[in-house]
Structures are given as structure tokens and as C-alpha cells.
Amino acid sequence: MKKYILKRLLMSAVILIFVAFLIYVLMRCLPTSYLEQVARQKSMQPGSKSFDEWMAQLSATYGMDKGIIPGFLAWCGRAIHGDFGDSWKWTVPVLEKFNDSVWISFVMGGIAFILEILIAIPLGIIAATKQYTKVDYTITVVALACFSLPTFFFASLLKLVFSVKLGWFDLGGLVGRNYEQLSAAGQLADKAHHLVLPIITLVVINIGYLMRYTRTNMLEVLNADYIRTARAKGLSERKVIYHHAFRNTLIPLVTMLGSSLPGLFSGALITETLYSIPGIGYVSYQSMVAGDIPFSMFYLVFLAILTLLGNLIADILYAVVDPRVRIA
Amino acid sequence: MAKNTKKNEGYLSSREIREISRKNRKITGELEKKWKRKHVPESEYLTQMKNPENAVEFEDLHTWFFTDAGTVKSVDGVTFDVPIGKTIGVVGESGCGKSVTSLSLMQLLQRPQGQIVSGHIRLNLGDKAIEISNTPREQMQKIRGNVVSMIFQEPMTSLNPVFRIGDQVDEVIALHNGEGKTKEQIKEETIKALEMVGIANSQGVYRMFPHELSGGMRQRVMIAMALACHPKVIIADEPTTALDVTIQAQILDLLRDLKDRINSSIMLITHDLGVIAEMADYVVVMYAGKIVEKGTAEDIFYHPTHPYTIGLMASKPVVGRQTDELYSIPGKVPNPVNMPDYCYFRDRCEKRLPCCDGEYPCEFSLSDTHKVSCYRCDPKYMNEAGKPDQAPDGEGGR
């Protein structure tokens with residue numbers, strides 16, 4: 001087991017280097033260049049140096065005067081020591097900006113993720129056990145509707161109903177107008193209140209897929225021979241479904257959920273933008289548009305690490321739920 | 001319902017399918033409701049055995065599947081008894097309703113499509129008898145695994161892959177026999193049950209998962225599970241089909257030995273006549289959902305009378321006889337959705353008579369035990385047919 005994990009981690013490190021290199025190359029080739037923008041602005045000022053001169057000076061200061069490969073190696077050398085540099089757009093250290101924005105996304109995504117599991121899996125099981133009944137049809141249709149709704153449309157709909165018409169929530173933002181005057185508990189409650197609509201959006205958009213996946217897997221398991229054996233033993237239907245069938249349904253679900261864990265840190269770009277929540281999805285989007293290489297590099301490599309870890313975790317969990325899979 | 005499908009065999013328009021499935025839902029919906037009732041008074045499903053010597057009596061059992069293509073009459077009027085302490089073999093080709101008959105006894109049919117629509121299955125509980133077709137789910141769960149248990153034909157897939165062998169056997173014992181017992185006592189019983197079926201390393205197997213065992217071992221575990229609560233009736237649905245011949249003999253020996261030890265009845269379902277000859281006291285031959293011939297093993301193997309039985313006997317290899325090609329019964333089974341009203345075997349029968357064009361033949365008795373559904377045994381037509389034929393190979397199946 002230890003050996004397996006070690007081997008997987010080493011392999012992941014190799015993959016990571018290649019991924020980081022690809023990202024770096026792509027970032028350098030982006031049509032928007034932060035340096036060009038700055039150089040253009042500076043050269044427009046009266047009595048300033050020419051654009052080319054500014055460009056040469058800025059490239060030297062920002063370390064962009066080297067070719068792609070030396071530039072990447074320099075980045076790697078610094079990254080290994082944990083130094084990811086300062087963000088160009090936000091003019092603060094990359095880690096600081098990341099730390100400021102990631103947790104709100106994580107909390108939002110985490111709550112949504114737990115809610116999704118709590119709602120979708122039981123519904124999927126119910127739909128499967130009552131296949132071809134009205135309950136099943138209702139659940140399936142609702143799931144399909146959730147699945148097909150575009151985020152921007154559904155979010156706008158929620159805003160229209162709950163913010164504009166009913167006035168229960170603010171239209172956007174993470175904190176209310178009088179946030180500064182509130183007590184600590186009040187501030188927390190205020191943030192929670194602002195997160196309600198984004199979380200509903202995330203849950204509704206994602207629930208359909210997980211539910212359909214659970215239903216399909218459950219149906220497959222319910223038709224298996226060992227379920228008939230369980231019934232032939234005289235077990236109650238509850239026990240058959242929630243003990244014998246459910247453990248088997250978990251196997252594919254765990255793989256799927258394991259690999260969606262990194263998604264918690266990647267933020268929800270569209271939802272965050274629509275509700276103007278300064279989460280990591282929103283911040284990283286702005287950084288990328290501005291051509292902020294240090295921040296984007298850190299963020300994308302961080303996601304790559306999470307994805308690799310997520311796969312490893314899913315594989316380990318797989319062995320936990322399915323005795324036929326043994327890690328050697 | 002069969003009327004809809006009559007026009008053009010096999011082809012149904014979507015409107016017809018919708019209509020059929022609507023009607024089906026109506027029928028099955030009611031039956032399902034009846035099945036799922038709770039707190040049903042016992043009087044509703046108590047009954048009397050016709051003969052207290054029998055463990056199970058099937059009487060005119062009709063088990064139908066309400067599919068979108070029409071109603072499939074998988075079991076259509078089956079009557080036979082399973083005497084206490086005897087082995088009864090049920091033979092027939094694939095899809096003739098052998099398994100469905102046994103699943104009806106356990107109420108394990110694929111619901112909601114599969115339903116017992118009429119007839120009786122009486123189960124002898126010793127002090128009382130119950131009518132399975134009226135028994136609701138709640139009550140049935142106390143009978144399954146306890147009074148009637150089943151050994152399935154697929155040992156490779158019939159054990160739950162994610163639970164340990166021990167836990168799976170413990171579960172049955174705890175459910176039916178576990179009152180007041182501690183976990184250790186239940187474990188002890190499981191180990192004993194595993195040893196009883198000839199698993200040497202019972203302590204080790206107790207901790208294993210199904211995928212760590214071979215097919216023969218898994219079938220032993222299935223048998224241990226089925227016998228753990230000393231059931232009165234054991235249904236063995238092709239217990240040896242998935243196993244190779246040496247293991248097959250061991251498993252059959254084991255079954256016979258265990259049956260004698262706990263004095264229960266076995267309903268052995270197979271299409272292997274060799275297995276039947278070795279195990280069964282009584283034999284029932286099924287064809288297309290009906291019993292065509294039944295009798296003692298001797299009746300069937302030494303004096304097979306129905307042309308189908310004779311065909312079956314002729315289509316098995318015999319040691320010491322040289323043939324280039326094995327005999328096979330020509331033709332195919334009629335469409336199960338749209339059964340003819342004459343003898344189902346007529347079109348495949350080599351001994352067809354003019355009278356065979358009449359309606360489905362009723363049962364004729366050749367002796368107290370030997371019953372055949374064939375016009376050739378009708379005293380009225382005896383002259384026409386001559387004496388009922390004996391099997392081409394009088395040696396029978398042994």
C-alpha cells in the first residue's frame with residue numbers, strides 16, 4: 001500500500017512537471033500580454049520613452065526577456081522553494097491573493113457538494129427502486145430539467161424572484177451594506193445570508209447529473225443475482241436496498257465523487273461572477289484576462305496537483321469500498 | 001390481451017404497445033398493492049394441505065409475465081406435489097417455466113411484471129399450511145430462507161461481492177434463528193454450516209470475500225447459506241450447471257447427503273437428465289409452461305410415454321453407443337405470447353395423429369403415479385395409436 005502510494009506520487013510529480021510546462025507555454029503565447037498593456041499606457045504619457053523601449057525595460061524587470069524554456073526553468077526554480085512571486089494584476093504576493101479568495105469558494109462549493117450528495121443520492125435510489133412509477137418519472141423529469149438549465153439563466157431567475165420581487169436577498173456581493181457595524185456573529189450570518197442564492201444555484205445545476213448516475217447504477221445493481229439471493233434469504237426490502245444494493249452502488253459513485261473533490265478549490269466561475277462574489281473562480285478569471293502570468297501559473301498548477309491527488313484518492317477509496325480491488 | 005398481437009406476429013405498433021402496457025399496469029398495480037399490504041390477518045392465507053404427507057402442493061398454478069409485447073404465460077396450469085423427504089426433479093428445455101415455477105414458490109418473480117394470476121401453492125409448515133399465492137410480502141420474508149430456501153444456478157454472481165462470506169451466512173442465521181444468540185454463537189453456527197458442506201478451511205473462508213473462492217466453493221457457500229436454517233423445502237435451480245463435472249458430482253452427493261440429514265424435500269430443477277436420474281424420486285417434465293408428463297423416476301426413465309420425453313431421452317449421449325450426431329428434437333417452441341390452442345408440441349411431434357388437431361389434451365393416467373398429457377394415451381384413441389411407445393432406448397437414463 002505504502003509502496004503503491006509512493007509510486008503514484010512519483011508518477012504524479014512527473015506528470016505535474018509536464019502539465020506545468022504546457023501551462024507556461026500557453027500563458028506565454030496568450031494574445032493578451034500584461035507587459036504590452038502597461039508599456040502602451042506608459043508610452044502614451046507625454047514625454048515618455050517609446051513603446052519598444054518601455055517594453056524592453058519591463059521585460060527585463062519582470063523576467064520576461066528570456067525564452068520560454070529558460071523562463072519556465074526559472075519559474076520552476078522559484079516555485080520549488082514556495083516562491084510564486086507577486087501577482088501583476090493584484091500587486092500582492094500570489095499566495096496572499098489566493099488565500100484571500102479561495103476559502104470563500106471552498107466554503108460555498110463544500111456546502112453545495114454536501115447538499116448535492118445528501119439530496120441526489122437518496123432521490124436516485126428512490127427513483128430506481130420505484131422504477132416506472134409516477135415517483136420515478138417525476139424525479140427523472142426534474143433531474144433532467146435541473147441538468148439542462150444554463151447557470152446564467154437559472155441564477156437570473158432566482159435573482160428576479162427572490163431579490164427583485166420578494167426582496168429576501170441582496171442582488172449580489174458577499175457582504176451587506178452595514179457589514180462593518182455588525183458583531184462577529186452578525187457578520188458571519190450576513191455572509192451566510194449572501195451565500196444562499198449562489199449555493200442554491202450550484203446545487204440545482206449539479207444535482208441532476210449525480211441523481212441520474214445514482215439511479216442508473218442502482219438499477220443495474222438491483223437486477224444483479226446477489227440481490228435476488230438477498231431477497232431469497234428473507235431479508236426485508238429495506239435491508240436489501242440500503243445494505244446489499246447500496247454498498248455496490250457506492251463503488252462507481254465514489255470514483256466520481258473522488259475526482260470531483262478538486263473542483264471545490266477551483267471555484268465556480270460563472271456563479272461567482274453572476275453574484276459578484278470575490279471567490280477564486282472570479283479572481284482567476286480576471287487574472288487570466290489580464291495576462292497575469294504568476295497568478296495564473298500558480299492557480300493552474302495548483303489545480304493540476306489537486307486533480308492528480310483527487311485521482312489517487314478516488315483509487316484508494318475504490319479499494320476501500322470494493323474488496324475485489326486490492327492495491328498492490 | 002393476446003388478441004392485440006395476433007394480427008402480425010412479432011410486430012406491434014407503438015399505439016398497441018401503449019395500450020398493452022396501460023392494461024398491464026392496471027392488472028399488476030392491483031396485484032402489487034395486495035402483495036405490499038401490511039398486517040394481513042393470518043386467516044387470509046391459511047389453508048389445508050390436500051395430503052399432509054406433502055411439503056408443497058402446486059395446483060393449477062398460472063404465473064404470467066405482463067410485458068409490453070403481450071402476456072407471456074410462463075407457467076400455465078401446473079399441478080404437482082413435493083412429498084416430504086423426497087426429491088422431485090423438474091426437467092425441460094430452457095424457457096419452459098421450470099425456474100418460474102420455483103420462483104413462484106418463493107415469490108421471487110421479477111416484479112411487477114411477473115405475477116401469480118391464479119392457482120394455488122400450498123406450503124406445509126408442519127402445524128399449519130399456508131397459501132403462498134395469497135401471502136403478503138411481510139409474511140413471505142419470514143418463510144424465505146427459513147422454511148423454503150433456494151440454491152441459484154449462478155454461483156459466480158449470486159454472492160454479494162462486497163461482503164465477507166461469514167457475514168453473508170451470519171445474516172440468514174441471525175434473521176431466522178438468531179433470537180437471543182450472541183454474535184459468537186452465530187459465528188459458530190456459520191462455521192458449522194460451512195463445515196457441513198465440506199469446506200475444510202472454514203475459519204479462513206469465513207473471513208474471505210466471494211472473489212477469493214472458486215465456483216465450486218462459492219456454490220458450497222450458497223448451499224451452506226440455503227441450509228443454514230434447516231429448511232423444509234430446498235429449491236435447487238440448476239445447482240451444477242455452471243460447474244465442471246467432477247465438482248458437479250461432489251455437489252450432488254453433498255445435496256443428497258444433507259437432505260437425508262435434515263429430512264427436507266428437494267425440488268431439483270435441471271435440464272440434465274443424468275442429474276435427475278441420479279437424484280430424483282419423482283420427475284416432472286415441463287414443456288412451454290405446462291407439465292407434459294410426470295411420474296416416478298422409474299416411470300419416466302423406463303417408460304417414457306410423451307413424445308417430448310422420448311425426444312429428450314433420445315437427445316442425451318449414451319456411453320457405449322456410437323453415433324455420429326446427437327439426436328435433437330426438430331422445430332422450435334411456439335411463441336410464448338401467442339400460444340396455440342392445440343397441443344403445444346404438435347408441430348414438432350414425430351408421432352402426430354389426426355386427433356392431435358383438437359384442443360390441448362388433458363391429463364391421462366397410465367398408473368397411480370404416471371400421468372401424461374398426450375392424445376396417444378387417451379383410451380378413445382388407443383387403437384389408432386397402438387400401444388404407447390416405449391423409449392427407443394429401454395435402458396433409460398442410468
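This report describes a sheet and several helices of chain B in a predicted model.

Strands of a sheet pair through backbone hydrogen bonds, either parallel or antiparallel. In chain B, five strands form an open sheet in the order E1-E6-E5-E2-E3, and their pairing is antiparallel. Strand E1 (46-47) and strand E3 (70-83) of chain B each have a single partner strand and stand at the edges, so one side of each is left without a neighbour in the sheet.

Further in, strand E2 (residues 54-67) of chain B pairs with strand E5 (residues 114-124) of chain B in the antiparallel sense, over 8 bridges. One residue to look for here is B:Glu57, whose bridge partner in E5(B) is B:Arg122.

## Helices packed on the sheet

Helix H1 (residues 14-36) of chain B packs on the sheet and touches E2, E3 and E5 of chain B, with a direction that makes about 145° with that of E2(B). Helix H2 (residues 98-106) of chain B also packs on the sheet, touching E2, E3 and E5 of chain B, and its direction makes about 110° with that of E2(B).

## Helix H5 and its buried face

Helix H5 (residues 183-196) of chain B has 14 residues and reaches 20 Å from its first C-alpha to its last, which is close to the 20 Å expected at 1.5 Å a residue. Within H5(B), the residues B:Ile186, B:Glu189, B:Thr190, B:Ala193 and B:Leu194 are buried. Seen down the axis of H5(B), the buried residues fall within an arc of 140°, so they line one face of the helix.

The cover over these buried residues of H5(B) includes helix H4 (165-177), helix H6 (202-206) and helix H7 (215-227) of chain B. H5(B) is followed by B:Gly198, whose phi is positive, near 80°.

Definitions and conventions. Residues numbered from 1 in each chain as written. Chains lettered and ligands numbered in written order. Predicted model: local features only at pLDDT ≥ 70, side-chain atom pairs only at ≥ 80, totals over all residues. Pairing = 2+ DSSP bridges. Helix = DSSP H or I, 4+ residues; strand = E, 2+ residues; numbered from the N terminus. Contact = placed C-beta atoms within 7 Å. Axes fitted to C-alpha atoms, helices over the stretch in contact; angles between N-to-C directions. Expected span 1.5 Å × (residues − 1). Buried ≥ 20, exposed ≤ 12 C-beta atoms within 10 Å, placed from the backbone. Arc of directions from axis to C-beta.
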